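Hi,

Here is the structure for you to look through. My notes follow below it.

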Amino acid sequence: MEAARIHAWGGELVVERVPEPRPGPGEVLVQVLACGVGLTVLNCIEGHLGADPDDLPRVPGHELVGRIVETGPGVDPSRQGELVSAYFYLFCGRCARCLAGQEDLCLNLEGWIGVDRDGGYAQLAALPERNAISLPPGLDPVEATVIADAVATPVHVSRLARIRPGDRVAVIAAGGGLGIHMVQVARLFGAEVVGLEAAPAKRRYLEQELRVAAVDSTDFHSVRLPSGWEVGADVVVDFLGRRESLTWALEALGPDGRLVTLTTFPGVDFPVSPRRMVFSQLAILGSRYATRGEFALAARLVAEGRVRPVIGRREHVAEVRAIHDDLRRGRLLGRGVLAWPDPAP
Ligand SMILES: [Zn+2]
């Protein structure tokens, strides 16, 4: 089969023919129809989530959508034919957190799809059955790639930050893969939303296509929020993860404000005043992926047309480097997708 693989952590992907995977006990084999391309995949390829040389070569990509074509021992064969998407974390399913429905905080986490086992930059992927989440029928596989992370994560953020009707929510990097779905999910939770974005084309999309107020954040010292926001934001969600953006975010909060941070870049810090945290009762929340329940809700929101999947570019796997290049340069609107033709439509 055709695949793009990592041969050195931090190196270039190699597009090549590789042996087809087989489903082991408790696993399903998925015919991949499409796989999302986002910054998390680049982080994985760089080795930021794990850089064990014994894991190489590795097929990256966790936002895969496809059809189950084979089931391994111990898996109900009637699952064959299901359209599924992959839950990113290799959780145990047995620990206290998993039993509480918080698979994203699993105490025995075995890693991530696309890092610790092969992912979706290939025509076939073998997955643990519990990671293959059934999707509502009728979804377009390319559009459905946004569910697993780009929509599920905003659902998690909205719950974690207690976004309520009337809340003022500012999203930093609102034109990126996560941000462009975060603005939509926050609005579904009832919020008034402003998107901060440096790229003019992405600001235009936010305003004209999604009807979200967009603010230029090229320079955080000169960001101006709309009138009515003088009291401060209730929630700021930061997908940029720089000292400037995080510092701005904390300053922008009003009383009872919540800052949600989702990036994991090493070496980034920012100033926090405990005095102001107390006087304004502020909270800083780290947000870690999403639960399978939130994943299922994300799938429903997309299937019902309540969140619009924003796919800036779709390509065959041979063009994977071009799509990664767009992503690194901040030129990709929303998500990128690698797609294969469906052999059994
Ligand atoms: Zn667990």
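Domain bounds here come from an automatic or database domain assignment. The chain splits into domain 1 (2–149 + 290–339) and domain 2 (162–286). Residues are numbered from 1 along each chain as its sequence is written. This is a predicted model: local features need pLDDT of at least 70, side-chain atom pairs count only at pLDDT 80 or more, and totals for chains, interfaces and linings use all residues.

**Domains.** The centres of domain 1 and domain 2, taken over C-alpha atoms, are 28 Å apart. Each domain puts 11 residues into the contact (two residues are in contact if their C-beta atoms, placed from the backbone, lie within 7 Å).

**Sheet.** Strands are DSSP runs of E, at least two residues, numbered from the N terminus. Two strands pair if DSSP finds at least two bridges between them. An open sheet has 6 strands in the order β10-β9-β8-β11-β12-β13, with parallel pairing. β10 (213–216) and β13 (283–286) are at the edges; each has a single partner strand, so one side of each has no neighbour in the sheet. β8 (residues 168–172) and β11 (residues 233–238) pair over 4 bridges.

**Core.** A nonpolar core is a set of buried Ala, Val, Leu, Ile, Met, Phe, Trp, Tyr and Cys residues joined through C-beta atoms within 7 Å. Buried means that 20 or more other C-beta atoms, placed from the backbone, lie within 10 Å of a residue's own. The largest nonpolar core has 104 residues. Val 30, Val 151 and Val 171 have the most contacts inside it. Strand β3 (residues 27–37) gives the most to this core, 8 residues. Both domain 1 and domain 2 supply at least three residues each.

Best wishes

Technical notes. A residue is buried if 20 or more other C-beta atoms lie within 10 Å of its own, exposed if 12 or fewer, and partly exposed in between; C-beta atoms are placed from the backbone.
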